[in-house]
Amino acid sequence: MHKTTHIGLLLAALLLTSPAHAGGQREEALSANVRASLQRGLADTPITRTAFTHAADESAWLKEMSRRLAKRMPDEAERLEFLTTLHWEASRAGVDPQLLLGLIQVESGFRKYAVSPVGARGYTQVMPFWVKAIGNPDHNLFQLRTNLRYGALILRHYIDIERGDLYRALGRFNGSLGRPEYPNLVVGAWKRHWDYVPSTRSAERSTASRS
């Protein structure tokens with residue numbers, strides 16, 4: 001193989017295997033109340049199910065999201081564990097699970113062991129300083145539930161700081177506050193690939209009752 005061709009293929013492979021838009025949250029001082037709240041969120045008991053109330057809703061969501069995720073995560077058992085954990089952790093943090101899927105698509109491309117140039121780790125690209133700030137040394141940011149729990153809690157924290165302004169919250173998550181590129185990428189991925197309208201009767205009744 002020609003040397004320049006070999007180098008070109010190597011560079012292309014590196015681009016495909018490294019996060020394209022992963023950034024890094026910036027370390028900021030946390031009030032005692034905020035720190036305690038985040039620590040309580042991390043300490044909750046793990047749950048091995050989604051946050052759906054009705055089994056039919058859970059089954060429908062997992063089936064549809066699994067279909068959409070299949071090309072990015074071919075192993076079905078791994079995919080279902082990932083989606084089940086994500087739905088629970090996002091919901092308990094008050095984050096739309098489909099939004100978190102969009103964020104992960106942009107941040108890590110669904111690569112469990114992704115590491116950004118600034119050291120952000122895992123699916124949701126959590127910066128290691130968070131472990132020192134609100135966690136404990138045993139927390140492994142490459143572990144599925146740990147990473148998703150940190151990621152969901154941090155995003156919720158930023159949404160609260162920005163008083164519900166999702167675009168500014170996403171900017172904080174990526175360390176690019178005030179710039180539109182990253183929030184637009186995440187919201188675009190969310191709406192194009194992960195937006196979900198429930199089709200089961202129980203979910204429809206639940207949606208109607210909230211409205």
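## A quick tour of this predicted model

The protein chain has a mean pLDDT of 85, and 82% of its residues reach 70 or more; pLDDT is the predictor's confidence in each residue, from 0 to 100. This is a predicted model, so local features need pLDDT of at least 70 and side-chain atom pairs count only at 80 or more, while totals for chains, interfaces and linings use all residues. Residues are numbered from 1 along each chain as its sequence is written, and side-chain values use heavy atoms, leaving out hydrogens and water.

**Confidence**
- Helix 5 has the highest confidence, at 98, and helix 1 (residues 3–17) the lowest, at a mean of 39; helices are DSSP runs (H or I, at least four residues) numbered from the N terminus.
- Residues 1–20 stay under 50, and the model gives them eleven contacts beyond four places in sequence (contact means heavy atoms within 4.5 Å).
- Over residues 207–211 pLDDT also stays under 50, with one such contact.

**Helix 5 meets helix 8**
- Helix 5 (residues 97–107) packs against helix 8 (residues 166–174) at about 40°, with axes 13 Å apart; axes are lines fitted to C-alpha atoms over the stretch in contact, and angles run from 0 to 180 degrees between N-to-C directions.
- On the helix 5 side are Leu99, Leu103 and Glu107, which meet Leu166, Leu170, Phe173 and Asn174 of helix 8.

**Aromatic pairs**
- The whole structure holds eight aromatic pairs, meaning Phe, Tyr or Trp rings (for Trp, the six-membered one) with centres within 6.5 Å; planes under 30 degrees apart are stacked, over 60 edge-to-face and the rest tilted.
- One of them is Phe82 with Phe110, edge-to-face at 5.9 Å centre to centre and 75° between the planes.
- Phe82 sits in helix 4 (residues 76–93) and Phe110 in the loop between helix 5 and helix 6 (129–134), so this pair ties together parts 28 residues apart in sequence.

Notes:
Helix = DSSP H or I, 4+ residues; strand = E, 2+ residues; numbered from the N terminus.
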